[in-house]
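Hello,

Here is the structure I promised to pass on to you. Please open it alongside this message, and then read on for what turned up in it.

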Amino acid sequence: MKTRIMLSEYYKYKIFIIFFCVLISFSAHSETLRVTYAGFSFSSNYIDIDKSGKYTNLLLKEKNENGQDIISASLLKAIKNSSPKSFKISFDQADITKGSKESIVMSVSLVNEDYSREYEPITKTYLNNIVNSYQILFYDFNSKKLLAAIPFDTELQFFSKKKLSDSEIISELRNFYIKGQPSTNKSIKNTISIFHKIPELLNSFNLKRKYKFRIGVTKVILEDKAVKHIPSKYKNNNALKSIIAQQFSSKLSLYHSIAQVPYNEGMAIGNSMKLAFVNSDTIYDISLPKPEFDIILTIRGFKKVAAAKSDVRTIYLYGSYMNIKVLQKELNKTYFDEKIKNASQIEIPNNIENIDDWRKFYTSTILLFQKFAKNIKAPSEKWALKAFSKGSDYKKSLSSLKNVLEKTK
């Protein structure tokens, strides 16, 4: 009888321990993290705002009726329209004296701003493009260590009959920040501002205090067949590599909501990025974690081919050729290593001379990234047969990559 009572008490104790552990585990998983919003910032290796964000930096000097700069006001409006499920955003100013449980900080940082124009001889107009690359950064304010980054990009396109001055370019960008522009997506009836992607990105992102696995673009290689088509303004700096890495990463974020480490040219030296806030003169060094999974992007080349020709016009195919490699260096294991290509079809009148091919090659590359990211989960056979090299076991490769991305969520 005594033995039975002892066994009964033992099982009650064991059940209690199991229940307690489950409760603790449930509480840990259900914890809603508190994140303090710290504002708009610039991030760069060398904080050269005149090169990395010339027009936006000038707009920061303009204030609205509440005395807030117009960039920060537009950004704040977008963030307040979000409803993240894994964290709650506080709009109190970040306080470095608080403990680790309250020290997660979020900022939205401009990485690069790139303006280009393309002349259309047949209409005698210029197509102007402003591509802005951003990162939503989450980091521990006490240790200055990055937790995760969500890259995204925006593109503003507009026409003009002449080459625009800086003030005219700024005017167009100002409207994009404040008022927005009509969407090219017919399903979106309202105008979209430069920060319109932020609510969707925040709502779908699963923020964690610790990540077991992270992924990031760590190297961008430009082969000779690509370099000869690249404009001179990109050849003597790393700006294009940064743009390529950012564009690829932003497409992964859009379709997969993964924790990424920002691309940082030469990150092996110092392993950090600089962050300058618009409301502070202090420049912070944010330590970047080493990604467990490396992405190496190789731009193999570009090719222009006449696909069909009439007396009036020619249809050209603008091909972009890449190699995408995903590996885990510590295990010396490669999960994805494939040659990918994309061809964009462009119709051009025969009487047009001095065609600007670069913009078309660039657009073809961005479409390659978008189609690739979209097809990782459920690849379209029609797309894959065109995109991958003949004989590639693309289903196996994409399945392996999909499993890697799942680990980084």
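The side chains of Lys-360 and Glu-118 are joined by a polar contact of 2.3 Å. Please keep in mind that this is a predicted model, so every value in this email is computed from it. You will find Lys-360 in helix α10, and at 13% relative accessibility it counts as buried, because the cut-off for buried is under 20%. Leaving aside residues up to four places away in sequence, Lys-360 touches Glu-118, Tyr-318, Ile-346, Ile-348 and Ile-355.

Now to the charged pairs. Side chains of opposite charge can pair when their charged atoms come close. The structure holds 13 salt bridges, and I would like to walk you through some of them.

Let me begin with Asp-153 and Lys-251, whose side chains meet in a salt bridge at 3.3 Å, N to O. Asp-153 belongs to strand β5 (residues 145-160) and Lys-251 to helix α9 (residues 239-256), so this pair ties together parts that are 98 residues apart in sequence. Are these two residues buried or exposed? Both Asp-153 and Lys-251 are buried.

Next, have a look at Lys-329 and Asp-294, where the side chains form a salt bridge of 3.8 Å, N to O. Lys-329 sits in the loop between β12 (313-328) and β13 (333-349), while Asp-294 is part of strand β11 (residues 293-309), so the pair links parts that are 35 residues apart in sequence. With a relative accessibility of 6%, Asp-294 counts as buried.

Strand β11 comes up again with Lys-304. The side chain of Lys-304 meets that of Asp-357 in a salt bridge of 3.3 Å, N to O. Since Asp-357 lies in helix α10 (residues 357-374) and Lys-304 in strand β11, this pair ties together parts that are 53 residues apart in sequence. Asp-357, at 23% relative accessibility, counts as partly exposed, and Lys-304 counts as partly exposed too, at 29%.

Definitions and conventions
Residues are numbered from 1 along each chain as its sequence is written. This is a predicted model: local features need pLDDT of at least 70, side-chain atom pairs count only at pLDDT 80 or more; totals for chains, interfaces and linings use all residues. Side-chain values use heavy atoms; hydrogens and water are left out. A salt bridge is a side-chain nitrogen of Lys or Arg within 4 Å of a carboxyl oxygen of Asp or Glu. Helices (H or I, at least four residues) and strands (E, at least two) are DSSP runs, numbered from the N terminus. Buried means under 20% relative accessible area, exposed over 50%, partly exposed in between (1.4 Å probe, protein chains only). A polar contact is a pair of N or O atoms within 3.5 Å; within protein, one must be able to donate a hydrogen and the other to accept it, and residues adjacent in sequence count only if both atoms are side-chain atoms. Contact means heavy atoms within 4.5 Å.
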